Amino acid sequence: MSQHIAEITHRLVSSPGGRIHLVEQGTGPLVLLVHGFPESWYSWRHQLPVLAAAGYRAVAVDVRGYGRSSRPAATDAYRMLDLVEDNVSVVHALGEESAVVIGHDWGAAIAANSALLRPDVFRAVGLLSVPYAPRGGPRPRDVFAQMGGDEEFYISYFQEPGRAEAEIEPDVRGWLAGFYAALSADTMPAPGAPVPHFVSKSGTLRDRFPIGRLPAWLSDSDLDVYAGEFERTGMTGALNRYRNIDRDWEDLAAFDGAPITQPSLFIGGSLDASTTWLADAIEAYPVTLPGLVSSHLLDGCGHWIQQERPGEVNRLLTDWLTALPA
């Protein structure tokens, strides 16, 4: 790899919410990379140089509420419509008219909705870990409230402003280490153990996290990067994404059941709860993603897919990108 390709550039660009921080590497067609919770642009560190070397302008953003991007005070400033417009503003600020958008976790939902709402800007979409499921059904808050029986689903737990912050912020580094470990293939709880996506009465999420062991993909220095950002910013901006799911359901009513027709790609992990809970969404891809080029489940892989299996993910991404129409 040449020294030119190895270089990365940090930039701040204007967006409807104030500013978006991004990291850019390479030249060529624009590929926009969107992270999930609780991460940052850094979750794409293994993809940036590979995509740049393959002839793409790879750009990883800090989503609104994270890192060096703006963190509006209003909870409703984190609705999906706003995050889609942030992505559009990044493309235009970089002097481009179109881009391929790829997302992981919440970033997959943001990427999918970017493609759905702005097909004039986003010509293809890649989804990692979280399948595309069109808007529909009952109000999300009601659905999540019925999950878990006597226990509380983590998304419901995240709904109340300040509640999860009170658990996380006294020990951001320790909480992140446990959360990452709980959803990683090599450190997640054994089958039959209490599920880390649920909270017992009067309990916390952390009660069920693995203790004292980092997953193989996460070094101490990697954890320092993530923890340092959230220790500086707090967790509210990141958690506000969960606090807008009902607003999104209302905002996107006109797109109930709508397919995404652009060329698409899905990569999931076989041990990721996102792919097992949403298995029906994957089975529906012939209808919901009629432009699907390929769909992959990586055997023995957890949730943090592009960090757990960077080599396989990079190969699948570059093969897909290379085959896209110019």
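Trp304 is buried, with a relative accessible area of 0%; buried here means under 20%, with a 1.4 Å probe and protein chains only. The model is predicted, so local features need pLDDT of at least 70 and side-chain atom pairs count only at pLDDT 80 or more, whereas totals for chains, interfaces and linings use all residues. Residues are numbered from 1 along each chain as its sequence is written, and side-chain values use heavy atoms, leaving out hydrogens and water.

Rings of Phe, Tyr and Trp (its six-membered ring) pair if their centres lie within 6.5 Å, and planes under 30 degrees apart are stacked, over 60 edge-to-face and the rest tilted. Trp217 is in the loop between strand S8 (198–199) and helix H9 (220–233), and Trp304, 87 residues apart from it, is in the loop between strand S10 (292–298) and helix H15 (305–308). Helices (H or I, at least four residues) and strands (E, at least two) are DSSP runs numbered from the N terminus. The whole structure holds 24 aromatic pairs.

The axes of H3 (residues 80–93) and H4 (residues 106–117) come within 9 Å and cross at roughly 75°; axes are lines fitted to C-alpha atoms over the stretch in contact, with angles from 0 to 180 degrees between N-to-C directions. The helices H3 and H4 are therefore roughly perpendicular, a label for angles of 65 to 115 degrees. Residues of H3, including Met80 and Leu83, meet residues of H4, among them Trp106 and Ile110, where contact means heavy atoms within 4.5 Å. Trp106 also has Arg241 over its face, at 4.6 Å from the ring centre; for Arg, this requires CZ within 6 Å of the ring centre and within 35 degrees of the ring normal.

Val100 lies in strand S5 (residues 99–104) and is buried, at 1%. Val100 and Leu321 are 221 residues apart in sequence, yet 8.5 Å apart in space, C-alpha to C-alpha.

Some backbone details complete the picture. Most residues other than glycine have a negative phi, and most peptide bonds are trans. Asp105, although not a glycine, has a positive phi of about 60°, and this residue is found in the loop between S5 and H4. The peptide bond from Phe37 to Pro38 is cis, with omega near -15°.

Methods:
Angles under 35 degrees count as roughly parallel, over 145 as roughly antiparallel, 65 to 115 as roughly perpendicular and the rest as oblique. Buried means under 20% relative accessible area, exposed over 50%, partly exposed in between (1.4 Å probe, protein chains only).
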